[in-house]
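Here is a short briefing on a protein model. It covers strands, rings and charges in turn.

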Amino acid sequence: MGTEVSTAGQDTKIGQSMAETDAVLEVSNLKKYFPVTKGIILRKTVGQVQAVDDVTFTVRRGQTFALAGESGCGKTTTSRVLLRLEDATAGEVLFRGKDILNADKDLVKEYRRSVQAVFQDPYSSLEPRMRVGSIISEPLMATGALPKKEIRVRVEEVLAQVGLSPDAANRFPHEFSGGQRQRIALARSLASSPDLILLDEPVSALDVSIRAQILNLLKDLQDQLGVAYLLVAHDLATVRHMCHSIAVMYLGRLVETGSGEEVFGNPLHPYTKALLSAALPSHPRIQRAEIELPGEVPSPLNPPKGCRFHPRCPVAVMPQCAESLPELENHGGSHAVACHLARSA
């Protein structure tokens, strides 16, 4: 874990002095709508799926920002837009002050080198016909981050960083366990010395006994390298262990944001409270009543009028809950919530 890290792959055009700003990624009013069409020959747009609607947050250097919520809330679509796998409908994404949604070819190449990803399933995210060394070196080859003669040394460095021996480079993914494969995926993401790694449910496909090892490894690497993480997760136990800041999403919108201490210590939105009541407690002796939400998550094609959570909200007693859409409002520190009830309290 103490292996010295090569900086040859660091971005030079995008990078700003860390004295200027500690914001790695700034997302402002991001929207992603998918058109719904009807007809075969004369196709007509009949609606839009509002997968991501007016999302704003900042990821800072050396910290973990978590997007949390149920499946279908829009967090994965947000990550796909940030990885430039989907085009945004509206909004702005700045990486070190540079607009990456309207970037030229050179800037996109440098952005891809500086932002890497670790995906949920270590069994499908690694090419089974490639040796581990080739898998890890692939992003270096694609972006030209290092001269060819230095690539093998870099591969050995990142393997050591994630707790694997150098001879792992000569083996195939099927020769490793699930936890080891996720270490390989993490080594691949570290190879180009990124500033930000997007973690999409990084431990949900692993055995419970292995999850803590991977999470602790991620935290150790963050402490050593100063890398920022954008964690996409539905498991609040994982989020609590990892995050410095958190945003809770529901039906494409942020309903509560703040530091981990603020949100977990004093949840203000009824949806956040329901999620926390269903999560495993931090200690077996902690007892709490589970909040059961009625009904199903509404369709993002036709979201409810007013607060999108109000049809399932156990405390939606105010008329404006069904009439007007609440905006995020500050409640001290970095803590903000989009709830009419919290506003009136």
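Glu327 is partly exposed, because its relative accessible area is 41%. This is a predicted model. Glu327 forms a salt bridge with Arg253, and their closest N and O atoms are 3.5 Å apart. The pair links distant parts of the chain, 74 residues apart. The points below take the charges first, then the rings and the sheet.

**Salt bridges**
- The structure holds 11 salt bridges.
- Glu327 lies in the loop between helix 9 (270–278) and strand 11 (329–330), while Arg253 belongs to strand 10 (residues 253–259).
- Arg253 has 10% relative accessibility, so Arg253 counts as buried.
- A network of salt bridges links Asp53, Arg253, Arg308 and Glu327.
- Arg152 forms a salt bridge with Glu156, with 3.8 Å between the closest N and O atoms.
- Both Arg152 and Glu156 lie in helix 4 (residues 148–161), four residues apart, or about one turn of the helix.
- Arg152 counts as exposed at 51% relative accessibility, whereas Glu156 is partly exposed at 32% relative accessible area.
- Arg129 forms a salt bridge with Glu127, the closest N and O atoms lying 3.0 Å apart.
- Arg129 is exposed, with a relative accessible area of 71%; Glu127 is partly exposed, with 28%.

**Aromatic rings**
- The count comes to five aromatic pairs.
- The ring centres of Phe95 and Tyr111 are 5.3 Å apart and the ring planes stand at 80°, so this pair is edge-to-face.
- The pair links distant parts of the chain: Phe95 is in strand 4 and Tyr111 in helix 2 (residues 105–114), 16 residues apart.
- Phe95 is buried, at 0% relative accessible area, and Tyr111 is buried, at 3%.
- Tyr250, Tyr271 and Phe309 form one aromatic cluster.

**Charges over rings**
- The charged end of Lys32 sits over the ring of Phe34, 4.8 Å from the ring centre.
- Arg171 lies over the face of Phe176, 4.3 Å from the ring centre.

- Four strands make an open sheet in the order 2-1-4-5, with antiparallel pairing.
- Strand 2 (44–60) and strand 5 (98–99) each have a single partner strand, so one side of each is left without a neighbour in the sheet.
- Strand 1 (residues 23–38) and strand 2 run antiparallel and are joined by 12 bridges.
- Pro35 stands opposite Gln48 in strand 2.
- Helix 1 (residues 75–82) packs on the sheet and touches strand 1, strand 2 and strand 4 (90–95).
- The direction of helix 1 makes about 110° with that of strand 1.

Notes
Residues are numbered from 1 along each chain as its sequence is written. This is a predicted model: local features need pLDDT of at least 70, side-chain atom pairs count only at pLDDT 80 or more; totals for chains, interfaces and linings use all residues. Side-chain values use heavy atoms; hydrogens and water are left out. Two strands pair if DSSP finds at least two bridges between them. Helices (H or I, at least four residues) and strands (E, at least two) are DSSP runs, numbered from the N terminus. Contact means heavy atoms within 4.5 Å. Axes are lines fitted to C-alpha atoms, for helices over the stretch in contact, and angles run from 0 to 180 degrees between N-to-C directions. Rings of Phe, Tyr and Trp (its six-membered ring) pair if their centres lie within 6.5 Å; planes under 30 degrees apart count as stacked, over 60 as edge-to-face and the rest as tilted. Buried means under 20% relative accessible area, exposed over 50%, partly exposed in between (1.4 Å probe, protein chains only). A charge sits over a ring if NZ of Lys or CZ of Arg is within 6 Å of the ring centre and within 35 degrees of the ring normal. A salt bridge is a side-chain nitrogen of Lys or Arg within 4 Å of a carboxyl oxygen of Asp or Glu.
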